[in-house]
Amino acid sequence: RIIAGSQRRCTIIVIKMMSQQLRRHRSSSLRTSSSMINHLLRTSSSLTSSCHLLLFLLIKSSSLIQNDIVVNASSIIKDKQHLTAIAELKRLVPPPTKQIGVSTEVDAINDDAYYARFLSVNEWDPIKTESSIRQSIEWRKRVQPRKLRPRHCPTLCRQYAWLALTIGPGSKMILNDNDEHLYDTNNKNKKQSPLDPPYNCPPLQSWRTTKHGLPITYFRCWKWNPELASSKESETHLAYHIHHLLRRIPNNRKKDVSRICVIFDMRGFETYMLPHIHKCINILRCQYPGRAGAMCFINVPIYFTTVWKIISPWLDDEIRSKVFFAERGVDDVEKAVGFLNGMKLKTGLF
């Protein structure tokens with residue numbers, strides 16, 4: 001009892017310290033968590049409940065902090081012409097009013113940075129940008145990327161083709177291909193794998209980024225079977241993944257980081273995938289302009305030069321300038337990250 005009592009006291013001290021850290025944040029969700037923690041502290045009376053409480057706090061606090069990643073680029077936009085263009089575009093296409101069920105999407109659209117990204121790929125011309133941003137607003141209201149979870153695209157999430165890289169204990173296990181039964185989507189009798197990527201970072205791990213701060217997703221082409229999913233699920237899955245990447249952007253107020261990184265491992269590429277790739281490119285280009293930071297290709301087949309001649313015209317200049325083909329020696333994800341870390345990459349709007 002003496003040992004258990006001292007362990008419980010230490011646990012409560014740690015919990016109180018973490019609770020104080022949570023109170024320093026201003027978001028209502030974090031304040032709500034702090035009140036829940038205080039209630040549990042008053043009612044917990046055993047070592048087991050204290051340990052459970054500590055685990056709850058670790059998971060809850062990490063998930064809440066991950067959601068607070070949006071950098072308001074309005075403070076970064078200093079050019080008067082750019083600010084004037086944003087104001088004019090907002091006059092042409094006013095942010096939608098909040099409605100039940102789509103308020104989180106409206107919050108994202110209200111941000112000046114949302115308008116600035118569309119303008120940045122259209123020579124800061126509000127007239128030229130009007131139709132594209134109007135279409136994107138309607139798309140967001142329909143798809144609602146911020147509300148998507150793995151359960152909305154289970155077929156593709158179980159393929160483990162698009163991995164959200166992490167660092168920390170156990171982060172390398174997901175890259176192990178030995179348990180092939182986990183990825184067999186055709187065999188109904190075998191154990192189903194968990195949906196990936198998880199919405200929240202696994203305990204004791206953190207989302208991995210390049211040295212520039214770009215969050216990394218690792219695409220494994222040989223695992224990707226887009227034909228098994230419906231067209232709607234394919235769209236949902238890509239929207240979920242892109243928003244997942246944006247949530248993983250580090251919350252660094254001193255540096256403008258608003259772009260993402262994808263490492264494409266092209267082993268197993270088949271030409272039948274081209275229409276699906278075209279759809280992926282269209283969503284990135286039309287709904288998330290100015291978000292590509294690095295699109296790195298490794299292990300490309302010899303004939304991919306011909307394939308690239310087909311894919312390249314689908315990209316706009318902004319995305320095309322972010323595409324990199326790694327040299328032959330860069331043949332795994334770790335080497336690819338090192339390859340990107342040695343480059344100067346654009347991280348923000350400017």
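A residue is called buried here if its relative accessible area is under 20%, exposed if over 50%, and partly exposed in between (1.4 Å probe, protein chains only). The model is a predicted one, so local features need pLDDT of at least 70 and side-chain atom pairs count only at pLDDT 80 or more, while totals for chains, interfaces and linings use all residues. Residues are numbered from 1 along each chain as its sequence is written, and side-chain values use heavy atoms, with hydrogens and water left out.

The chain's secondary structure comes to 13 helices and seven strands; these are DSSP runs, with helices (H or I) of at least four residues and strands (E) of at least two, numbered from the N terminus. Contact means heavy atoms within 4.5 Å. Of the contacts in the chain with a separation of 6 or more, 82% are accounted for by residues 24 or more positions apart.

Helix H6 (residues 112-120) is largely enclosed by the rest of the structure, because seven of its nine residues are buried. These are Ala113, Tyr114, Tyr115, Ala116, Arg117, Phe118 and Leu119. Asp112, also in helix H6, is partly exposed, with a relative accessible area of 23%.

Next come the charged pairs. Side chains of opposite charge can pair when their charged atoms come close. A salt bridge is taken as a side-chain nitrogen of Lys or Arg within 4 Å of a carboxyl oxygen of Asp or Glu, and a search of the whole structure finds 13 of them. In one of these, Lys90 pairs with Asp112, with the closest N and O atoms 2.6 Å apart. That pair links distant parts of the chain, as Lys90 sits in helix H4 (residues 80-92) and Asp112 in helix H6, 22 residues apart. Lys90 is partly exposed, at 22% relative accessibility.

Arg208 forms a salt bridge with Glu334, and here the closest N and O atoms are 2.8 Å apart. Arg208 lies in the loop between S3 and S4 and Glu334 in helix H13 (residues 333-341), so the pair ties together parts that are 126 residues apart in sequence. Arg208 is buried at 15% relative accessible area, whereas Glu334 is partly exposed at 34%. Lys172 joins Arg208 and Glu334 in a network of salt bridges.

The loop between strand S3 (206-207) and strand S4 (216-220) also holds Thr210. Thr210 counts as buried, at 3% relative accessibility, and touches Ile216, Cys261 and Asn341, leaving aside residues up to four places away in sequence.

A local pair turns up in helix H12 (residues 317-320), where Arg320 and Asp317 are three residues apart, about one turn of the helix. Their salt bridge has its closest N and O atoms 2.6 Å apart. Arg320 is partly exposed at 29% relative accessible area, while Asp317 is exposed at 60%.

Some backbone details are worth a look too. The peptide bond from Asp196 to Pro197 is cis, with omega near 0 degrees, and Pro197 belongs to the loop between strand S2 (166-167) and S3. Trp124, in the loop between H6 and helix H7 (126-143), has phi near 55 degrees, a positive value in a residue other than glycine. Trp124 is buried, with a relative accessible area of 18%. Tyr160 likewise has phi near 55 degrees; Tyr160 lies in the loop between helix H8 (154-157) and strand S1 (162-164) and is buried at 9%.
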